[in-house]
Amino acid sequence: MAFDGITIANLREELSEALTGGRITKIAQPETDELLLTIKSTRGQYRLLLSASASLPLVYLTEQNKPSPMTAPNFCMLLRKHIGGGRILSVTQPSLERILHLEIEHLNEMGDLCRKTLIVELMGKHSNIIFCNEEGMILDAIKHVSFAVSSVREVLPGRPYFIPKAQDKLDPLTACHTQLRQAIFSKAFPLSKAVYTSLTGFSPLMAEELCFRAGLDSDRSAASLEEPEQRALCHALEGMLLDLKLGHFTPQIVYRGKEPVEFASLPLTLYQDLEARTFSSVSKLLETYYASKNAITRIRQKSADLRRVVQTALERNRKKYDLQVRQLQDTDKRDKYRVYGELLNTYGYQLEPGSKSLTALNYYTDSEITIPLDPTLTPRENAQKYFEHYNKLKRTYEAVTNLLEETQAEIQHLESISTALDIALLEEDLLQVKEELMEYGYIKKRRSHEKRPKITSKPFHYLSSDGFHMYVGKNNFQNEELTFRLATGGDWWFHAKGVPGSHVIVKAEGKELPDRTFEEAGRLAAYYSKNRDNEKVEIDYLQRKHVKKPGGSKPGFVVYYTNYSLVIDSDISGLVKL
């Protein structure tokens, strides 16, 4: 995430254009650390969200309203008293700091024209919204900070406002070329760290981007760079700063599949292998990014208990599997004991009483073999002892082989459930996974009087470029439904080879599928599988009539003996989702 000085500069430009000259018609404080201002201007009505949340400080224009508490907090009441109906004169950003100043003109109680400044500091856990008068004295803040909390600066009514200089950084927009070079290249830090610790407004992400544009390794020591490499970095920096000065911003989010990875107000060329979506407004970018991020975070939190159940069961079964493999290895000598018994029955008549071994020809290998004997037993008794040992190991082998197959099937089933949890996007998707865990005894079953929830989750539905309908199961129950109820014999079935993943069905409708549809269905099978992050994924595909379900097997488990294969990437960004 790059909510840095560069993104703030983009925000400043957008807010300045939209809000300058507008009047504040409503002030609300929906959260203890959040304001929502409604502003009307000649360009329309805007809602400005200002959040000083320690975990998620934000500023952006939004169309969404938020419910306010019945009784307005004191800070909100103070703002209403002073700047309710006030006019926004300017929106500025000191240097490239993560700070915005909203200068507001209003009439005081005497009818005189006054100016106040609403300052939004977006500094992680130190974020705050501070209200100051014309002289720069703090009238109030959404968070009070005393010297008991911070030795750098008090944020309390009556104290002077200033920007704390916790780090000695240069303003890249005003510093000269020599100062910039000296600040960066004198540090024995990795190059990216030298950049973001030397220049105001640069986050670690933008420092990495700068190094990438310059064609330099960001982990190299800045002090070790040769003159041509220093020039390359300075040239890339000049290009970035020129975009900033001219307001050439390109707000974009970089996605890995459907999940937002990073955002920035300048193009992120270092993520060339990922999809980038460009926005016309940085406010839209921020709202989209955090809405998507929050949705993914929320569904992961909701699925945390289920993941824990699956992970615990997987670990237990993997330990059991390893133990069974060792038990099976212990039975490898069973045939040797059978041969010992047979050879003793064949050659034992030659032995003298009390013999400790028998050396004889092994007619299975045509080589001599020495068989240890118990001298207190007869040859026949020794042979019987070896046969008993053989039979015991044989029974163990047969039992452990069956147990091993069961444990392996259990592991495959649990891994498929784990993949279903990764695929889930909505709470209703989790309900079906929970039902499966209940059915197979991984979690406690519902009591008889408890009502079973209505399952509303449906398979993903895509349309191929050639107009064929493609369906993707989100979990084992949906895989079973798609393959053995929705699909007909002539439809095509796709699945990632050898790993848990979704069944993908392409409805052929009696037509021959074009190559492009095979490729698109293969990408869906790759994306909705455990190997979705691999560069290439091997996919098995065949007509549905050749897919069989073994009796008594778990849902979604199938077998097939003839199939085609393709190797393809998991990029589904171009597919139409219905």
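Contact here means heavy atoms within 4.5 Å. Helices (H or I, at least four residues) and strands (E, at least two) are DSSP runs, numbered from the N terminus. The model is predicted: local features need pLDDT of at least 70, side-chain atom pairs count only at pLDDT 80 or more, and totals for chains, interfaces and linings use all residues. Residues are numbered from 1 along each chain as its sequence is written, and side-chain values use heavy atoms, with hydrogens and water left out.

**View 1. Helices α9 and α10.** Two packed helices are described by the angle between their axes and the distance between the axes. Axes are lines fitted to C-alpha atoms, for helices over the stretch in contact, with angles from 0 to 180 degrees between N-to-C directions. The axes of α9 (residues 334-347) and α10 (residues 379-423) come within 8 Å and cross at roughly 155°. This angle makes α9 roughly antiparallel to α10 (under 35 degrees is roughly parallel, over 145 roughly antiparallel, 65 to 115 roughly perpendicular, the rest oblique). The crossing of α9 and α10 is left-handed, meaning that the near helix is turned anticlockwise from the far one by less than a right angle; clockwise is right-handed. Residues of α9 including Tyr337, Tyr340 and Leu344 meet residues of α10, among them Tyr386, Phe387 and Leu393. The residues of this contact are 10 nonpolar, 4 polar and 5 charged (Ala, Val, Leu, Ile, Met, Phe, Trp, Tyr, Cys and Pro count as nonpolar, Asp, Glu, Lys and Arg as charged, and the others, Gly among them, as polar).

**View 2. Helices α3 and α6.** The axes of α3 (residues 177-185) and α6 (residues 227-246) come within 11 Å, crossing at roughly 120°. That makes α3 oblique to α6. Their crossing is right-handed. Leu180 and Ile184 are among the contact residues of α3, and Leu233 and Leu237 among those of α6. By class, this contact has 6 nonpolar, 2 polar and 4 charged residues.

**View 3. The largest nonpolar core.** A nonpolar core is a set of buried Ala, Val, Leu, Ile, Met, Phe, Trp, Tyr and Cys residues joined through side-chain atoms within 4.5 Å. The largest has 45 residues, and Leu48 and Leu118 have the most contacts inside it. Apart from this core lies another, of 36 residues, including Leu210 and Cys234.

**View 4. Ser41 in strand β2.** Ser41 lies in β2 (residues 34-41). At 17% relative accessibility, Ser41 counts as buried (buried is under 20% relative accessible area, exposed over 50%, partly exposed in between, with a 1.4 Å probe and protein chains only). Not counting residues up to four places away in sequence, Ser41 touches Ala18, Gly22 and Tyr46.
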